[in-house]
Amino acid sequence: MNLFLGDLRAFGAAARKELRITRRYPTLVFGMFFWPILLPAVYVVQAQAFSGNGDPRALAAFAERSGTTQVAGFVFIGWAMYMWLSTVLWGPGLALRTEQLRGSLEAVFLTPASRLVALFGPSTAALGPAMVNLLIMALAARIIFGVDLAPDALARGGVVILLTIPAMYGIGSLFASAILRFGEVGGVVQLVRGVFTLACGVTFPLVMLPEWARAVALTLPPTYFVADLRRVLLSGASLGDLGTDLLVLAGSGVAVCALAVWAFRATERSARRVGMLGRY
């Protein structure tokens, strides 16, 4: 029990450390309020222009493929996944590599705290900013573009978000282990983010993808987050309607976190052999 409580305190300390570092860079905090509004808004304006400013025929074609006529809501929900994934990759996904570059990773590994603290601690700190991003996007969609979000739909959407948290931060932790092993940063982040953006239907319905690409998309947890959140918030679907998807989402979260732990252990074993933890 004492060991468990010690690890809990270590988790809290890891989260506070990440938050304090973020607080020292005010532009990062400013971006947390700025980008969640600007990025999706640009795509909404483009979509409205391309559709002839609400041409009924264009809206009917869009609704046939997406299940809703709320273009702004559709785009904002897709970009909510993008912003969350970006937060995960640039934050927890680079946390171990950042410690390595600072020269403090070896010291972290010498502490008696569980390795899970180093792997998942930054994810704990990133959860708050990610939820703030989602809240800002919901307010922007409602205030600027008039997207109608009923309170009961928001409650169901909260359940979808809650079930998505393990999967998203499992992806970040898995990415952290891979980056620590291979060292590359910016290019890999852009590649992973681009693949998820294309495959998960951020700005277009999944039915627009080729059949093989849709099959790939269904293996990615964010696909279910985007699709289910759109169904709940824009189409009025109940949680019962999403039963199978939610089970897949929860199960994939457990699987990805387990894979992240395995990858981290493999990376640590490799580090012990070649001394990579102290390398630049």
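Axes are lines fitted to C-alpha atoms, for helices over the stretch in contact, and the angles between their N-to-C directions run from 0 to 180 degrees. The model shown is predicted, so that local features need pLDDT of at least 70 and side-chain atom pairs count only at pLDDT 80 or more, while totals for chains, interfaces and linings use all residues. Residues are numbered from 1 along each chain as its sequence is written, and side-chain values use heavy atoms, with hydrogens and water left out.

**View 1. Helices H2 and H7 cross at roughly 40 degrees.**
The axes of helix H2 (residues 26–50) and helix H7 (residues 115–145) come within 9 Å, where helices (H or I, at least four residues) and strands (E, at least two) are DSSP runs numbered from the N terminus. H2 and H7 are therefore oblique to each other; angles under 35 degrees count as roughly parallel, over 145 as roughly antiparallel, 65 to 115 as roughly perpendicular and the rest as oblique. Their crossing is right-handed, a term used if the near helix is turned clockwise from the far one by less than a right angle, with left-handed for anticlockwise. In contact (heavy atoms within 4.5 Å), H2 contributes residues including Met-32, Phe-33 and Pro-36, and H7 contributes residues including Pro-129, Val-132 and Asn-133. The residues of this contact divide into 14 nonpolar, 2 polar and no charged, where Ala, Val, Leu, Ile, Met, Phe, Trp, Tyr, Cys and Pro count as nonpolar, Asp, Glu, Lys and Arg as charged, and the others, Gly among them, as polar.

**View 2. Helix H4 packs on helix H8 at an angle of about 40 degrees.**
The axes of H4 (residues 71–90) and H8 are 9 Å apart, and the two helices are therefore oblique to each other. H4 passes H8 in a right-handed crossing. The contact is made by Met-81, Trp-84, Leu-85, Val-88 and Leu-89 of H4, together with residues of H8 that include Ile-161, Met-168 and Phe-175. By class, the contact of H4 with H8 has 11 nonpolar, 2 polar and no charged residues.

**View 3. Helix H5 meets helix H8, with Arg-97 among the contact residues.**
The axes of H5 (residues 92–102) and H8 come within 6 Å and cross at roughly 30 degrees, which makes H5 roughly parallel to H8. H5 passes H8 in a right-handed crossing, and the contact residues include Leu-94, Leu-96 and Arg-97 of H5 and Tyr-169, Ala-176 and Ile-179 of H8. By class, this contact of H5 with H8 has 8 nonpolar, 3 polar and 1 charged residues. Arg-97 is buried, with a relative accessible area of 11%, where buried means under 20% relative accessible area, exposed over 50% and partly exposed in between (1.4 Å probe, protein chains only). Although Arg-97 and Ala-176 are 79 residues apart in sequence, their C-alpha atoms are 7.1 Å apart in space.

**View 4. Ala-178 lies in helix H8.**
Helix H8 spans residues 151–182, and within this helix Ala-178 is partly exposed, with a relative accessible area of 33%. The C-alpha atoms of Ala-178 and Ala-150, which are 28 residues apart along the chain, are separated by 41 Å.
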